[in-house]
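Here's a quick briefing to read with the model open beside you. Have a look at the fold, then follow the notes below.

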Amino acid sequence: MCKGLASLPSSCLEKAKGMRVKLSHLAEKQEWTHHRHQWIHHRHHKSQEDKVLQDLESLLNNEGGLQVFRGFLRSEFSEENLEFWLACEDYRVSPSHLQRAKASSIYSQFINPDAPQEVNLDAESRETLLGMMDSLAVDTFNDAQQRIYTLMAKDSFPRFLRSSHCMEATKALL
């Protein structure tokens with residue numbers, strides 16, 4: 001039967017106390033390491049979210065960010081710029097046998113003065129694009145796409161960052 005700790009030699013008691021101290025330090029270290037890993041994961045995740053909201057390019061390359069930005073633009077009735085930019089991205093990576101149809105669609109949807117989602121391009125850019133419709137290339141829409149990107153970066157994106165859409169998205173990501 002167990003006679004208790006008093007029956008153990010003092011050297012065993014000292015060793016047991018020493019082991020208890022070491023074990024408690026180990027447990028504390030494991031807990032600290034676990035919390036550190038959680039913090040690092042949170043910071044990494046947070047830094048990715050911060051990067052998404054840092055610049056328009058990062059936002060457009062993040063599916064969640066893109067959807068929130070689209071919702072914001074829809075609420076302002078200005079979704080056509082984003083849709084044009086996305087259509088140009090799709091055109092750029094399309095196989096050549098699909099480019100004519102996609103170019104025609106982009107022109108009629110966004111560039112033609114009577115287009116249902118007409119984007120804000122100057123007359124010279126519209127004329128240049130109309131002239132290029134007969135000799136399409138991968139970069140046909142690059143200049144117009146860049147103009148619209150710049151417009152979104154200088155106008156829509158800063159408003160988005162101050163909007164409740166952005167605030168809600170940020171809270172949801174945290």
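Helices (H or I, at least four residues) and strands (E, at least two) are DSSP runs, numbered from the N terminus. By that count, the protein chain has eight helices and zero strands. This is a predicted model, where local features need pLDDT of at least 70, side-chain atom pairs count only at pLDDT 80 or more, and totals for chains, interfaces and linings use all residues. Residues are numbered from 1 along each chain as its sequence is written, and side-chain values use heavy atoms, with hydrogens and water left out.

**Whole chain**
- Of the 174 residues in the protein chain, 29% are buried (under 20% relative accessible area, 1.4 Å probe, protein chains only).
- Take contacts (heavy atoms within 4.5 Å) between residues at least 6 apart in sequence: 58% join residues at least 24 apart.

**Phe 110**
- Phe 110 sits in helix α5 (residues 96–111), and it counts as buried because its relative accessibility is 5%.
- Leaving aside neighbours within four places in sequence, its contacts include Glu 80, Phe 84, Ala 87, Val 119 and Arg 126.

**α4 against α7**
- Helix α4 (residues 80–93) and helix α7 (residues 142–161) pack at about 145 degrees, with axes 10 Å apart; axes are lines fitted to C-alpha atoms over the stretch in contact, and angles run from 0 to 180 degrees between N-to-C directions.
- Among the residues that meet are Phe 84 and Trp 85 in α4, and Ile 148 and Tyr 149 in α7.

How values were computed
Buried means under 20% relative accessible area, exposed over 50%, partly exposed in between (1.4 Å probe, protein chains only).
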